[in-house]
Amino acid sequence: MWKKTIIVTLILVMAIWIAPHHIQATDGDTPTTGEIVINEIMINPAGNESAAEWFELYNTTSETRDLNGCSVSDGEGTYTWSTSTIIQPGQYFVLCYDDTDASAPPTCDTVYGSSAGSLQLSNSGDNLELSCGGTIIDAVPGSGKWSGGFDRNGQSQEFNTRGGDPATENDNTDKCGSTDYWCDTPKDAAYNYAGSEYGTPGAKNTDWTGPNAITFAGMNATNGVSNNLLIALLAGFSALLFGGFWLRRRTTR
Ligand SMILES: [Ca+2]
Ligand SMILES: [Ca+2]
Ligand SMILES: [Ca+2]
Ligand SMILES: [Ca+2]
């Protein structure tokens, strides 16, 4: 019985050690599916086509991710990061076609136009995809339409989750309605970032209520479950089992 108790205890101690150190991804990893989502798209700027176009990625995790080796593509043009490019936890990361255009967002994290000249967002429909090492991290299918045809001049299309997995919810490109996934950014002075352009490049979307994606990586930030709590639960479970074996050994002696 003692041998069994010692073996079970050792397994539990190892589990406690392994859980926080190896299940959780670490800072600077390449994104995995759903960790980074396509969050906002300026399809039809009031200013120059396509120079004033841009789109925004959002890091749903509580850790940094490195976009080095990842690509964004609309199936016609592709931009690939070839150096370390960190997206911070919870960062709204802006990719601009041309950061020198008068209608470009005030801050661009990556400029793709010069090296991906054909990555141009058609006002009548396009597909946008982020992939890393051949794995699709997130895609927004827009063949034939963008957000149900909502391509209003000078208003970005913003994704607003309603509590599900953002990477899946943003596949729903129906027009803004009861589900409210993709909508025009309101023509409100607060969202006027340049000329006649409305959007929230580099900032939270106007009606964002997420993220709620439950991942180990995102637990600390999004669900309030800390690693310490996880360790405490495993330690408690271990103590209960150990105590049970101890009592059983005492009573069967
Ligand atoms: Ca366009
Ligand atoms: Ca295109
Ligand atoms: Ca998606
Ligand atoms: Ca935004």
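Trainee: Leaving aside neighbours within four places in sequence, which residues is L57 in contact with?
Mentor: In this predicted model, L57 is in contact with I36, V37, I38, N39, I87, F93 and L130.

Trainee: I38 is on that list. What stands opposite I38 in β2?
Mentor: L57 does. The strands concerned are β1, residues 36-42, and β2, residues 54-59.

Trainee: In which sense do β1 and β2 pair, and over how many bridges?
Mentor: They pair in the antiparallel sense, over six bridges.

Trainee: And what sheet are they in?
Mentor: An open sheet of six strands, in the order β8-β7-β2-β1-β11-β12. Its pairing is mixed. At the edges are β8 (110-111) and β12 (182-184), each of which pairs on one side only.

Trainee: Back to L57. Which residues have the most contacts inside the largest nonpolar core?
Mentor: W54 and L57, in a core of 33 residues. Nonpolar side chains in soluble globular proteins tend to be buried together.

Trainee: Which strands each supply at least two residues of that core?
Mentor: β1, β2, β4 (70-73), β7 (92-96), β9 (128-132) and β10 (135-140).

Trainee: How many bridges between β4 and β5?
Mentor: Three, in the antiparallel sense. V72 has Y79 in β5 as its bridge partner.

Trainee: Why does D98 count as partly exposed?
Mentor: Because D98 has 19 C-beta neighbours inside 10 Å, and a residue needs 20 or more to be buried.

Trainee: What is D98 in contact with, beyond its neighbours within four places in sequence?
Mentor: A51, A104, V111 and G113.

Trainee: How far apart are D98 and W54?
Mentor: In space, 8.4 Å from C-alpha to C-alpha; in sequence, 44 residues.

Trainee: Now the whole protein. How many helices and strands?
Mentor: Four helices and 14 strands.

Trainee: What share of the residues count as buried?
Mentor: 34% of the 253 residues.

Trainee: And of contacts between residues at least 6 apart in sequence, what share join residues at least 24 apart?
Mentor: 69% of them.

Key:
Residues numbered from 1 in each chain as written. Chains lettered and ligands numbered in written order. Predicted model: local features only at pLDDT ≥ 70, side-chain atom pairs only at ≥ 80, totals over all residues. Pairing = 2+ DSSP bridges. Buried ≥ 20, exposed ≤ 12 C-beta atoms within 10 Å, placed from the backbone. Contact = placed C-beta atoms within 7 Å. Core = buried A, V, L, I, M, F, W, Y, C linked by C-beta atoms within 7 Å.
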